[in-house]
Amino acid sequence: HDFASFCGSGAQVKTTIRTVTGIEVFRDGDIVTIRVSGTGFLYNMVRIIAGVLIRVGRGFYAPEKVKEILDAKVHTSEGATAPPNGLVLMKIDYN
């Protein structure tokens, strides 16, 4: 998909097309984990995805809004960027 809508402003990349192989959201008590897997990511891409999903979870956006934002292919302030607190790189796999 073209993740231009999920790319931080000012990023200098040749293409905003990336492959996301999975997104998991799960909860353990008060802790919500959003796990994003893919072959590469844009600047702030995972934080913007998380911010949008948090807005959906809190009822600010309908779930269909995620597809609308993705299809727009334009970065706007509409996609809230989640703060970096708790952001963890779990694994890099070079197959």
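Helices here are DSSP runs of H or I with at least four residues, numbered from the N terminus. The model is a predicted one, and I kept that in mind throughout.

**Entry 1: helix α1.** I looked up the extent of α1 and found residues 45-57, which makes 13 residues. From first C-alpha to last, α1 reaches 18 Å, close to the 18 Å expected at 1.5 Å a residue. I then asked what follows α1. Gly59 does, and its phi is positive, near 85°.

Next I wanted to know which residues of α1 are buried. They are Met45, Ile48, Ile49, Ala50, Gly51 and Val52.

**Entry 2: Arg18.** I found Arg18 in the segment before β1. Is Arg18 buried or exposed? Arg18 is buried, and yet it has no salt bridge. The nearest side chain of opposite charge belongs to Asp2, 8.0 Å away.

I then looked for what else sits by the side chain of Arg18. A polar atom of that side chain lies 2.9 Å from the backbone oxygen of Thr15. Leaving aside neighbours within four places in sequence, I noted contacts of Arg18 with His1, Phe3, Val13, Gly40, Phe41, Leu42 and Met45. Met45 is also among the buried residues of α1.

**Entry 3: aromatic rings.** How many aromatic pairs does a search of the whole structure find? I got 1. The pair is Phe3 with Phe6, edge-to-face, with 6.1 Å centre to centre and 65° between the planes. I looked up the accessibility of both rings' residues. Phe3 counts as buried because its relative accessibility is 7%. Phe6 counts as buried too, at 3%. Phe3 is also one of the residues in contact with Arg18.

**Entry 4: salt bridges.** I counted 3 salt bridges. I took them one by one.

Glu24 and Arg35 meet through their side chains at 3.7 Å, N to O. This pair links distant parts of the chain, with Glu24 in strand β1 and Arg35 in strand β2, 11 residues apart. Glu24 counts as partly exposed at 39% relative accessibility, and Arg35 counts as partly exposed at 38%.

Lys65 and Glu68 form another salt bridge, their closest N and O atoms being 3.9 Å apart. Both lie in helix α2, 3 residues apart, about one turn of the helix. Glu68 is partly exposed, with a relative accessible area of 48%.

Lys67 and Asp71 meet in a salt bridge at 2.7 Å, N to O. Why are Lys67 and Asp71 separated by about one helical turn? Because they are 4 residues apart in helix α2. An α-helix has 3.6 residues a turn, so residues three or four places apart point the same way. I noted Lys67 as exposed, at 54% relative accessibility, and Asp71 as partly exposed, with a relative accessible area of 43%.

Notes. Residues numbered from 1 in each chain as written. Predicted model: local features only at pLDDT ≥ 70, side-chain atom pairs only at ≥ 80, totals over all residues. Heavy atoms only, no water. Helix = DSSP H or I, 4+ residues; strand = E, 2+ residues; numbered from the N terminus. Expected span 1.5 Å × (residues − 1). Buried < 20%, exposed > 50% of the residue type's maximum accessible area, 1.4 Å probe, protein only. Lys, Arg positive; Asp, Glu negative; His and termini not counted. Salt bridge = Lys/Arg side-chain N within 4 Å of Asp/Glu carboxyl O. Polar contact = N/O pair within 3.5 Å; in protein donor to acceptor, adjacent residues only side chain to side chain. Contact = heavy atoms within 4.5 Å. Phe/Tyr/Trp six-rings, centres within 6.5 Å; stacked < 30°, edge-to-face > 60°.
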